[in-house]
Amino acid sequence: LAAGTAVETARLTLAESLGLGLDDPLELADPAPFSAPSESAPGDHPSVRAARAAYEAAVASRRSVANDGLPTVDAYGQVGAVSTFAATSAPVGAVGVTATVPLFEGGGRMADLRGARADEEAARLGLEAEERAVEADLRAAERTARDAQRALDVARAARALAEEELERASERYRAGAAASLEVTQAQADRAEAAAADVAALGAYNLAIVRWWAARGGLGGLAR
């Protein structure tokens with residue numbers, strides 16, 4: 001009974017993580033060995049991308065505020081003709097460059113610049129914090145997946161051993177060297193080992209799902 005409850009709990013948890021209905025049929029696949037990339041990529045996580053975009057926007061805003069106080073440069077050019085008393089005209093032209101320097105704008109621009117710098121620093125710290133959080137989640141999910149794989153290997157070995165013990169008990173019973181109680185116990189052991197194997201398989205699949213979620217999406221499961 002306890003083993004059956006564990007199996008059903010694992011199935012419901014997996015269905016919830018995948019976004020499926022709790023009553024939807026769910027078949028656990030025979031998984032391939034877990035293999036994580038040699039290097040994690042927290043920068044690909046959606047939350048990290050959002051934090052980086054916020055930081056880049058803060059940098060652009062600070063630069064815009066800083067540039068408001070820079071001199072402005074304008075170029076001009078003129079071309080024309082001048083008439084003389086001899087009824088002749090002579091071409092004239094002028095070109096030049098003017099620079100406008102804001103001498104005094106009060107404390108408003110400096111206050112804006114200090115605010116923009118504070119926003120940039122806050123965004124930078126937020127980006128670094130998000131990267132650390134994603135990295136920690138990814139490492140924890142990877143460790144959980146590896147532990148779940150080892151637990152599944154143990155459960156499958158125990159199930160195979162229980163199958164062998166049942167076969168040997170049945171042979172001894174047929175040969176008159178064992179009582180039926182020994183066969184019954186071996187059958188119960190096999191059923192318990194099978195239930196533990198299914199529970200371990202469900203836990204392993206769930207760990208893989210959570211690992212992909214820690215990487216920033218479940219799209220990789222479809223490949």
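Helix α4 is followed by Gly216, whose phi is positive, near 115°. In this predicted model, local features need pLDDT of at least 70, side-chain atom pairs count only at pLDDT 80 or more, and totals for chains, interfaces and linings use all residues. Residues are numbered from 1 along each chain as its sequence is written, and side-chain values use heavy atoms, with hydrogens and water left out. Helices (H or I, at least four residues) and strands (E, at least two) are DSSP runs numbered from the N terminus.

Helix α4 spans residues 180-215, 36 residues in total. The distance from its first C-alpha to its last is 53 Å, close to the 52 Å expected at 1.5 Å a residue, where the expected span is 1.5 Å times one less than the number of residues.

The mean pLDDT of the protein chain is 77, and 62% of the residues score at least 70; pLDDT is the predictor's confidence in each residue, from 0 to 100.

Glu120 lies in helix α3. Glu120 counts as buried because its relative accessibility is 15% (buried, under 20% relative accessible area; exposed, over 50%; partly exposed, in between; 1.4 Å probe, protein chains only). Leaving aside neighbours within four places in sequence, Glu120 is in contact (heavy atoms within 4.5 Å) with Tyr55, Ala58, Val59 and Arg62.

Ala145, with residues up to four places away in sequence not counted, touches Phe34, Tyr204, Ala207 and Ile208.
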